[in-house]
Amino acid sequence: MLPPITHSKNNGRMMKKIMTLAAVLGAASISFSAYAAGNIEAGKAAVQKYNCATCHGADFNSPIDPTYPKLAGQHRDYLQHALTAYKRGNAAGVMNGRSNPIMGAQVAPLSEQDIINIATYLSSLPGSLVLEK
């Protein structure tokens, strides 16, 4: 048989510490989720700042050259990976990098958060990509 539960000041203090820790962890997880998800408005500002529409079209669905990708409606994680790969480059010893002089120069000043925001914005746009046949 278990001993009866007694309430003491120590139990109350411990419970208060646990509740405070739970609140802090909850707030941190919400903050991290917002960071990981990206900010559409910040992404929109970034694509304007870096003139992405010059090559990919004003709607990001009508590139000026058919070899350039349509970005509107593309999967966020794919866009994030592609931008990161261009930033990484394709120098000797670099894994999973992409080599393109134009894109390399465009993404060089971007922070990780800029990349997340841009990918979030572009993925939110309506596009004509075929996802299933």
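**Figure 1. Asn-51 in the loop between α2 and α3.** Asn-51 sits in the loop that links α2 (40-49) to α3 (53-56). The model shown is predicted. Phi of Asn-51 is near 55°, which is a positive value in a residue other than glycine. Most residues other than glycine have a negative phi.

**Figure 2. Phe-60 in the loop between α3 and α4.** The loop between α3 and α4 contains Phe-60. Phi of Phe-60 is near 60°, again positive in a residue other than glycine. The relative accessible area of Phe-60 is 6%. Buried means under 20% relative accessible area, so Phe-60 counts as buried.

**Figure 3. The crossing of helices α4 and α6.** Helix α4 covers residues 76-88 and helix α6 covers residues 112-124. Their axes come within 8 Å and cross at roughly 140°. Angles over 145 degrees count as roughly antiparallel and 65 to 115 as roughly perpendicular, with the rest between these classes and the roughly parallel one taken as oblique; α4 and α6 are therefore oblique to each other. The crossing in which α4 passes α6 is right-handed.

**Figure 4. Residues in contact between α4 and α6.** From α4, the residues that take part are Arg-76, Leu-79, Gln-80, Leu-83, Thr-84 and Lys-87. On the side of α6 they meet Ile-115, Ile-116, Ile-118, Ala-119, Thr-120, Leu-122 and Ser-123. Sorted by class, this contact of α4 with α6 has seven nonpolar, four polar and two charged residues.

**Figure 5. The surroundings of Thr-120.** Thr-120 belongs to helix α6. Its relative accessibility is 9%, so Thr-120 counts as buried. With residues up to four places away in sequence left out, Thr-120 touches Ala-37, Gly-38, Asn-39, Ile-40 and Arg-76. Among these, Arg-76 is also one of the α4 residues in the contact with α6.

**Figure 6. The whole protein, as context for the close-up views.** The secondary structure comes to six helices and zero strands, and from the N terminus on the elements run α-α-α-α-α-α. The protein has 133 residues, of which 23% count as buried. The protein exposes about 9,500 Å², and carbon and sulfur atoms supply 62% of that area. Taking contacts between residues at least 6 apart in sequence, 59% join residues at least 24 apart.

Technical notes
Residues numbered from 1 in each chain as written. Predicted model: local features only at pLDDT ≥ 70, side-chain atom pairs only at ≥ 80, totals over all residues. Heavy atoms only, no water. Axes fitted to C-alpha atoms, helices over the stretch in contact; angles between N-to-C directions. Helix = DSSP H or I, 4+ residues; strand = E, 2+ residues; numbered from the N terminus. Parallel < 35°, antiparallel > 145°, perpendicular 65-115°, else oblique. Left-handed = near helix turned anticlockwise from the far one by under 90°. Contact = heavy atoms within 4.5 Å. Nonpolar A, V, L, I, M, F, W, Y, C, P; charged D, E, K, R; others polar. Buried < 20%, exposed > 50% of the residue type's maximum accessible area, 1.4 Å probe, protein only. Areas by Shrake-Rupley, 256 points an atom, 1.4 Å probe, with all protein chains shown as cover.
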